[in-house]
Amino acid sequence: MNKYLNSNQTNCPAWFNEGLEHIWLPYTQMKTAPPPAPVSHTDGVRIFLEDGRILIDGIASWWTACHGYNNRHIRSCIESQLKKMPHVMFGGLVHQPALKLAKRLTSKMPSSLNRVFFSESGSVSVEVALKMSIQYWVNNGYPKKNKIIGFLGGYHGDTFGAMSVCDPEEGMHKLFRGSIPDQYIMKLPQTNKDIEEIEFFLSNNASKCAAMIVEPLIQGAGGMVMYDDEVLIRLRNLCSKYDILLILDEIFTGFCRTGNFYAFESAEITPDIVTLSKALTGGTIPLAATVASKNIYDAFLSENAEFALMHGPTYMANPLSCAAANASLDLFEIEPRLEQVYKISLQMSEELDCCLTIPGVVDVRVKGAVGVVELEGEIRIDWLREKFLQELVWIRPFRNIVYLTPAFTISEQDLSTLTSSIYRVVSSWSQKK
Ligand SMILES: Cc1ncc(COP(=O)(O)O)c(C=O)c1O
């Protein structure tokens, strides 16, 4: 069998080889990467490949498909919406699915967070959050308060503003130096000393800072780093003390992933802006939201047109996406998602713990429905990914992180298959190392 992406695959449908010549894949060295696996369909927690193999999905398509794939309720709501109106522009026009969704999303947040701006991807919702923060201060007469504080290990997306607040390695700051805005990237505080350092920085620089952005409780794509409520509380306090807006990026953590509907609930804090996406539509259609507090929204109200938020993605609030998101919220209301997350959490803790005995495993950690096995040293990711495929599971490690973020509807047995595959694959990695 041919090994690389740029060579013909023998046992694949014609569209695969023909189309592959014209596609550019994400995060992929197109010269050397092994070929992607062609998928024919998905259902529940299963991915059906064109060659007949069936994979159990451990990562729910980048954490989106929280109710499993092809959920009947979401599908039928999208289908009904499709018959009425697949799309209409959102400038000067509105529709029921979007307004209903805005009301429902904010009803689960503290009452001050009451305005929703829709977009089509997580990265864009972060761009909107950054723009809102900077313009909030401009509109209030502080145009120099325009820098953003981000954190090492943070990941907020791949567009330029979002990249500027990611970990410098993850955001490839060095490749794009001069093209992305310079921001302040700090160490995520773990100790009193770290907090003191941030406070010292703020006492000198708050007049230049519009906002701080952080992923609550788990830094996802930057390394699946987990931290406690207390850190969030302290960051909230610092932002309040130094008059800086707090943006919580819930794109990974929102919708029960960490064990609460929104991750920040457990810290009982109120952010100024929240970004949402990923599981918002239950993994069916793109949609993102930036939720702002009344205080921020009010700063954009003026007789002067220039005070308005000048942003408007063409497909914002797409009715099909909003219908999918409303259907997904129905499922959160009628099905026991938090209980399922709790059970997944317990099971992953029990079943992944044995990985700690494997030489080369430096940490095993679980929070909510996120389970992580962290490996030591340089890892050949393609080798690991191939081994998981051979086990008929879809687990896609990055850097030195092997992780599970399964659908909340996964059965105990399927989850055990995933955790035992991790044990086997990581053991064989350890032996050959
Ligand atoms: C916390 C966080 N923010 C933002 C993004 C970017 O979202 P998108 O890929 O939809 O642009 C991601 C994607 O992984 C994310 O995990």
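Two strands count as paired here if DSSP finds at least two bridges between them. The model on screen is predicted.

**Stop 1: the three-stranded sheet**

Select E13, E14 and E16. These 3 strands form an open sheet in the order E13-E14-E16, with antiparallel pairing. Its edges are strand E13 (361-367) and strand E16 (401-404), each of which pairs on one side only. On average, neighbouring strands of this sheet are turned by 15 degrees against each other, direction ignored.

**Stop 2**

Within H13, select Asp414. Is Asp414 buried or exposed? Asp414 has 11% relative accessibility, so this residue counts as buried; the cut-off for buried is under 20%. Leaving out residues up to four places away in sequence, Asp414 touches Val45, Arg46 and Ile56.

**Stop 3: the strands around those contacts**

Strand E1 (residues 39-43) and strand E2 (residues 46-49) pair in the antiparallel sense over 4 bridges. Thr42 has Ile47 as its bridge partner in E2. E1 and E2 form a hairpin with 2 residues between them, and Gly44 in the turn has a positive phi of about 55 degrees.

E2 and E3 run antiparallel and are joined by 3 bridges. On this side Ile47 stands opposite Leu55 in E3. The hairpin of E2 and E3 has 4 residues between the strands, and Gly52 takes a positive phi near 100 degrees.

**Stop 4: helix H12 against H13**

Return to H13 and show helix H12, residues 381-390, beside it. The axes of H12 and H13 come within 10 Å and cross at roughly 140 degrees. At that angle H12 is oblique to H13. The crossing of H12 past H13 is right-handed.

Which residues make the contact? On H12 they are Trp383, Leu384, Lys387 and Phe388; on H13 they are Ser421, Ile422, Val425, Ser428, Trp429 and Lys432. By class, the residues of this contact of H12 with H13 divide into 6 nonpolar, 2 polar and 2 charged.

Stay on H12 and colour by accessibility. Ile381, Trp383, Leu384, Phe388 and Leu389 are buried in this helix. Their cover includes E3, E14, strand E15 (393-394), E16 and H13. Just after H12, Leu392 takes a positive phi of about 65 degrees.

**Stop 5: two further positive phi values**

Move to Met224, in the loop between strand E8 (218-219) and strand E9 (225-226). Met224 is not a glycine, yet has a positive phi of about 55 degrees. Its relative accessibility is 0%, so Met224 counts as buried.

Finish at Asp243, in the loop between helix H8 (229-241) and strand E10 (245-249). Asp243 is a residue other than glycine with a positive phi, near 55 degrees. At 49% relative accessibility, Asp243 counts as partly exposed, because exposed requires over 50%.

Note on methods. Residues numbered from 1 in each chain as written. Predicted model: local features only at pLDDT ≥ 70, side-chain atom pairs only at ≥ 80, totals over all residues. Heavy atoms only, no water. Axes fitted to C-alpha atoms, helices over the stretch in contact; angles between N-to-C directions. Buried < 20%, exposed > 50% of the residue type's maximum accessible area, 1.4 Å probe, protein only. Contact = heavy atoms within 4.5 Å. Parallel < 35°, antiparallel > 145°, perpendicular 65-115°, else oblique. Left-handed = near helix turned anticlockwise from the far one by under 90°. Nonpolar A, V, L, I, M, F, W, Y, C, P; charged D, E, K, R; others polar.
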